[in-house]
Amino acid sequence: RAIILEDDVTVSPLWYRWVNGAYDAYGHDGGRIAGFSLQRQHLVSLISKRTSVRVPTNDNEPFLYSLIGSIGFAPNARVWRNFLDWAECAIDNDVDVSINGLISTVWYKTLDKRGIWEQHFKYYMNRLGLGCLYHFPKDASKALGAHWREKGEHFGRSEGASHDVVTDPGEISNLVFP
């Protein structure tokens, strides 16, 4: 088990408990689950702004979503090992990892590709029909991981934390997984 954290993230004191519970409950389901995210996903990565598609909230229960939450991501070990083998081959052979309709494909094509492993992983997930497991605390202003959104490569100015981190176990209804 491992977790990949971006360098500008604050994690909830409950993150380890949640990831371990998610792994214990769902980690052997390598057929559908690519990994587990601490992020409160808000991105509907479609290019068109005119869409009724929304990120599900699932009434405070864990749910699969087709995008990786990269600020705090615990990959499913079997899927990750297979992905690394595939990615090495894909990079060596200059495989086009574009996904039609996703804004992240535009970002990938315009930014420094060396720093965007996530696009390869999204493509891999998409091709295999995998999802990332999320869980949102009851309070919509909180998350298991919060991005600082500091001025830099992705933000023109500092915007402050994306969310507060959840500290009360009662805010996460499903620390005991079905």
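A salt bridge is a side-chain nitrogen of Lys or Arg within 4 Å of a carboxyl oxygen of Asp or Glu. The legends below describe close-up views of a predicted model.

**Figure 1. The salt bridge between D24 and R1.** Side chains of opposite charge can pair when their charged atoms come close. Here the side chains of D24 and R1 meet with 2.7 Å from N to O, which is within the 4 Å limit because that limit applies to a nitrogen and a carboxyl oxygen. A search of the whole structure finds one salt bridge. The pair links distant parts of the chain, 23 residues apart. D24 belongs to helix α1 (residues 15-26), while R1 sits in the segment before β1 (4-5). Both D24 and R1 are exposed.

**Figure 2. Helix α1 and what covers its buried residues.** The twelve residues of helix α1 should span 16 Å at 1.5 Å a residue, and the end C-alpha atoms are 16 Å apart, so the two values agree. Which residues of α1 are buried? They are W18, V19, G21, A22, Y23 and Y26. Their cover includes the strands β3 (33-37), β5 (72-75) and β6 (131-134), together with helix α2.

**Figure 3. The aromatic pair W80 and F121.** A pair of aromatic rings is described by the distance of the centres and the angle of the planes. The count for this structure comes to 16 aromatic pairs. In the pair shown, the ring centres of W80 and F121 are 5.5 Å apart and the planes stand at 50 degrees, so the pair is tilted. W80 lies in helix α2 (residues 77-92) and F121 in helix α4 (residues 117-128), so the pair ties together parts that are 41 residues apart in sequence. Both W80 and F121 are buried. The two residues also belong to one aromatic cluster, formed by F73, W80, F83, W86, W117, F121, Y123 and Y124.

Figure 4. Is T105 buried or exposed? T105 counts as buried because its relative accessibility is 7%, and buried means under 20%. Leaving aside residues up to four places away in sequence, T105 touches S98, I99 and Q119. With Q119 there is also a polar contact of 3.2 Å, which joins the two side chains.

Figure 5. How many disulfides does the structure hold? The number is zero.

**Figure 6. Positive phi at D94 and R149.** Most residues other than glycine have a negative phi, and most peptide bonds are trans. D94 is not a glycine, yet it has a positive phi of about 50 degrees. The residue D94 lies in the loop between α2 and α3. D94 is exposed, because its relative accessible area is 69%. R149 is likewise not a glycine and has a positive phi, of about 55 degrees. The place of R149 is the loop that runs between β8 (145-147) and β9 (164-165). With a relative accessibility of 22%, R149 counts as partly exposed.

Note on methods. Residues numbered from 1 in each chain as written. Predicted model: local features only at pLDDT ≥ 70, side-chain atom pairs only at ≥ 80, totals over all residues. Heavy atoms only, no water. Buried < 20%, exposed > 50% of the residue type's maximum accessible area, 1.4 Å probe, protein only. Polar contact = N/O pair within 3.5 Å; in protein donor to acceptor, adjacent residues only side chain to side chain. Contact = heavy atoms within 4.5 Å. Disulfide = S-S within 2.5 Å. Helix = DSSP H or I, 4+ residues; strand = E, 2+ residues; numbered from the N terminus. Phe/Tyr/Trp six-rings, centres within 6.5 Å; stacked < 30°, edge-to-face > 60°. Expected span 1.5 Å × (residues − 1).
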